[in-house]
Structure formats: structure tokens, C-alpha cells
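Here is a short report on a chain contact and on the fold of one of the partners.

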Amino acid sequence: MASIAPQKDPTAPAPVLGPGQTYTTVTQKLSSIITSRTPLGWIVALLIAGSILQLLMLSATWLLIKGVGIWGLNIPVGWGWAIINFVWWIGIGHAGTLISAILLLMRQQWRNSINRFAEAMTIFAVMCAGMFPLLHTGRPWLAAYWLLPYPNTMSVWPQFRSPLIWDVFAVGTYFTVSLIFWYLGLIPDFATLRDKAKHKISQIIYGMLSMGWRGSAKHWYNYEMAALLLAGVSTPLVLSVHSIVSFDFSTGIVPGWHATIFPPYFVAGAVYAGFAMVLTLGLPIRYFYGLHDYITDRHLNNMGKVMLATGLIVAYGYGLEQFYAWYSASPYESYMIQNRMFGPYNLQYWLLILCNVTVPQLLWIKRVRLSPVGLFVVAMFINLGMWLERFMIVVTSLHRDFMPSSWDMFHSTPWDWGLYAGTIGFFLFMMILFIRVMPVINIFEIRQLVPHKEKDTEEAAASADD
Amino acid sequence: MAENNSLYGLLAEFDGPDELVAAAKGSYAAGYRKMDAFSPMPVHDLSESLGYDKQRVPIIVLICAMIGVATGFGLQYFVAVVDYPLNVGGRPFLSWPSFIPVTFELGVLFSAFGALIGMLLLNGLPRPYHPVFNVPNFERASGDGFFLCIEAEDPKFDVSETRAFLEGLEAKKVDDVEP
């Protein structure tokens, strides 16, 4: 079966861990990212991300002073970039939960080296997503009684028959559960950092975060069960979150929204966008910190395949939209599709097809899946394409609905761009901070991939392929 | 050598996970019960070979999930039927299918807290101090060290005999653990 260097054997999958790794080297390499001196490149990256973050501060402040009139919203397009960006960010988060929960249940060991930063990505992406619904209210400090059911002096309660309130619970639960899952995975690694840290203050901080973890067999026994159960509850959760987000649209009667394909189409699109973002972040981190032994060709290949598969589901969704328009025999539905393809927003539509359907077909080629540059380029196309998809769903459906007298065009303003770019800055800023203070790769799960003894090497490589 | 009651136990270090499991099985077979093993990652079969195989996390999570589901549905029932009934298009106040998403989400939320807090409580964490941390070498238990600790509370424990026993199990090193 697969030996130490199986790239030479074309039938065996590449290993999930580079050759020659032991418990000592794994621990040393992965904790040294944090315990070593701050690299100059890290400071530069943090400053760049921090500057983009200032756009968020500026745009949010001006929004709160002036109100949502500074955006390009109008009637009929009452849902503009805020909902587009919300759906985009939430979707990006889904890859993290997919990797940490669903692939854990499926015993895919290659997930061990990418789950940590994918989970971090989930948490920061959901934070970005959450900003938009809050900010689009214009007066977020009043939002408490619209969103949360608590006894208030007005005796008003939220409307539980509305998908918008389901969203509050779905996204709130998703954020909390992702945070719990992330922290659970970090506890043993915090213990490693506590023991590796050189500075007294970092020893104390990591010591408190590790809760006195000492790696006892009884602890691991309960720990593994807790992780398994969390994965078990997160799996239906992640599927429910984007389904509920899609209900925001599909329970409405607007042409182009009222379709039963929406929940699976949204979930597949979310995983698609999420894996693209995992690669967008993971490839530079891998390059910068030299993590090629942990994020191997096997990972790149598998992530390319997941993107290809989910991309095809998304393309199927686009196809079904055309089919519904024809099969429903509804003049509004068929006009909506015509308008998307040949109307004033046709450029965005065809760009979307290029980014999400055409370019990702390159992933059929193994050389592209194994090339970091090729994958990065495809991932950037998908990042843009998934944003355009939500733009298409929101804007082209709303701007020409049932009555031609109410038709109008949507034009974004610099404040729309500022807030959106600002959240990207926030996201990058948080990710860069995270890399420096927490292990970017799950150390204890990588130790599980280390072959026990020299003679076990072949056996371990064989079981890793299961 | 110190008296039995002034020691927490003896800590033996082993080469790797397989040796640790073998040593744990050997100690259990020799009649030791009050012991624990420490490893930098979960080791298959280790806790079972120490005689610890009672799994209580699932029942905690199940109870939490049921409390979450009941809370979610009860909240919506109270709001939509009892305290603030709204007639939306003539639908019944108890329009339960539209209450499923929130019920489900709260069930998941409560079970996730149950899993984390249940695990911590069962493991007696957070616990900043533990006698095994007194052994200087023990910091390697979070890196590349594999340890077995036989506690002095064990009725079969005797400093010199247990030390000889652990050394007989091919331990690399046996240390006293100060309480």
C-alpha cells in the first residue's frame, strides 16, 4: 500500500502528513508559529488589513449618523447589499462547519490539518454576516425587541411565523455552537501552548484557557464523545442555517425567489463559497509558514474536488431556475429569467455564469487541483461568483416585479462599497490576529496522524486512506 | 524514600501510545485500580484498559436537547397563543409547522452547551492545580510524553513494590509525584 513517498505510486492517494514526522516535530513546528518571534510579514499584513478595517468604522459611523439613505436602496429594491453581503458571509462560514463536523463523522482524516482555521474562518465570517442585518436596521440599539423574545414594556413579541425571526435563532445558534466547537478543539492545544510558552504572562493566559487540561485518559474519553456529539448536532445545524436563510427568499412570492430548489441550492452554494475562502486563506498561510507537510497535495486535491462537486450542484440550481420559468407557465417567472439574461443586469448574470460555472470546470484537470496558484485563481473567481449570485437573486428579482409602473434600477453608492470592503478588512484582521495567538493547525489531531512506530508506518498510511 | 501518605503517587513515562496501553493493561491485571494515564492525544483503548468505560456525556446531551426543544416550543406557544395572539390570514394561533425551525435551533443550542459543560464537569475541569504537574518532565504530556500514574490511594500501592512493578513494565523513568 501507500509508503512514505506514495506520489510515485499513481494508484495510492497522497499522504495526509508529510514524511518523517514525529510527535516532537509536530508539536515543535506547530507551536513555534506562536512561540517564535513575530515575523515582519505578519506585521505588514496586519497593518494592511487594519487599514481596510478603518473603512468599516467610517462607513458604519456615517450610516448610524445619516441612516440607510446613504445606501443605494430604493423601492422596489428594498433589500440591497446588506442582504447580499449577509448571505455571502454566512455561506462562507459553512465550509468550516462542514470540515469540522461532517468530515469528522465521515472519518475523513485529511480534515485534521485544515479544520482549525476553517472553524476560525466560520466564526469571523458569521461576525461579518451579523453586522449587516443589525446595521441595516439603521438603529441597531433598538433592534433588541425586534429580534429577541423578551418581556418588554410595550408587551410586543417577535412574530415566530416569519423566516426573518427564524434567521435570528439560526444564525445566533450557529455562531454560538461554532464558538463552542472551536473552543473545545482548542483546549488540548492551549495546554500544549501553556507548556511551550516562554513568557510568564502567556503561560498564565494559555493556562487559564486550557482549564488545567492534563491529557488524562479519562479526560480524553469524555472529550472525544463530546466532540463526536457536537459534530452530530452541528451537521443538521449547518444544513438548517442556510436553508433558513433561503426561506427568507423562498417564502416570498417574488418571481425568482419562490422556488423549492432554494434550500439545497443555497446550502451547496454555501459550501462552494466556503471552500473557496478556505483556499483563499489557507494557501497563503501554507506558503508563508511552510506548512507543506501538514497541508499536503492530498488536501488541495480533495478541496478542489469538493468545490467541483458543489459547483455542479449550484450550476444545476441555475439550470432549474430556467426550467421553473418555463414549466410554471407564469409570465412573471419567464420574464424574470429573460430579464436576468438579457435585461439591464445581463453583464452581472453572464459574469456569474463565467465565475461559478465555466471557470470551475478547470477543476476536472488534476494539474489544476494540485497547483496552489491554479486553485487560488479558481477560488477567487468563485468568491466573486458567489457574491454575484446573491446580487442576481436579490436585485434582478426585485427591480422589475409584477407592475411595470413600479420598476426601477438599483445603483450602489460608495457607502455600500465601503461597508462591504470594511467587513473584508475586519475578517482578514481577525484571521491574522488568530494565526499569531492560537495554533492555526490542530496540534493534537495531527499527532493522531503520526504513525506509532516505524513498523506501523505502512499500516497507518493504509488506514489514513479509509 | 518518602512515606506512602506523603506521596500522591508514582508517575512512569513510556515510549509511545502502544507501550502505554500495554502498561495500563498490565497494571490493571496486577490489581491496581486508582490510576490514570496521560497522553498528548486520545489513545485508542487507553481508558478502557484502565477500567474506565462509563460514558455519561451522551445522556447529559440528550437531556439538554430535550430541555432546549421544550423551551423553544414552549416559548413560541406562550408568545403566539397565550400572550400575543396575532391573526395572520386566518391561520390557527398554534401554527406548529412554522414553529419547527426555532424549536430545532434551541434544541441544538442547548445540546452544544450540554456537550461542552458536561465534558468539563465530568472531567473535573477547570482545575488549575493537580499534583502530577509537580513532576518537571510532565509538561511533555502535552507534547510527546506518555505517562502512567499509580496513585498512593490505591490499596495495593507500596512505594518500593510499585516502583519495581512499573520499572518491570519497561518504563523509561519513574518519578515520585508530590501531593
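Which strands of chain B does helix α5 (residues 159-168) of chain B lie across? Helix α5(B) lies across β1, β3 and β4 of chain B and runs at about 10° to β1(B).

This is a predicted model: local features need pLDDT of at least 70, side-chain atom pairs count only at pLDDT 80 or more, and totals for chains, interfaces and linings use all residues. Residues are numbered from 1 along each chain as its sequence is written, while chains are lettered from A and ligands numbered from 1 in the order in which they are written.

Helices (H or I, at least four residues) and strands (E, at least two) are DSSP runs, numbered from the N terminus. Axes are lines fitted to C-alpha atoms, for helices over the stretch in contact; angles run from 0 to 180 degrees between N-to-C directions. Contact requires C-beta atoms, placed from the backbone, within 7 Å.

| Helix of chain B | Lies across | Angle |
|---|---|---|
| α1 (residues 17-29) | β1, β2 and β3 | about 15° to β3(B) |
| α5 (residues 159-168) | β1, β3 and β4 | about 10° to β1(B) |

The sheet in chain B is open, with four strands in the order β2-β3-β1-β4 and antiparallel pairing (at least two DSSP bridges between two strands). Its edge strands are β2 (35-38) and β4 (173-177) of chain B. Strands β1 (residues 9-14) and β3 (residues 146-151) of chain B pair over six bridges. There, B:L11 stands opposite B:C149.

An automatic or database assignment gives chain B domain 1 (4-53 + 130-177) and domain 2 (57-122).

The contact between the chains takes 47 residues from chain A and 57 residues from chain B. On the side of chain A, α8(A) gives the largest share, 16 residues.

Methods. Contact = placed C-beta atoms within 7 Å.
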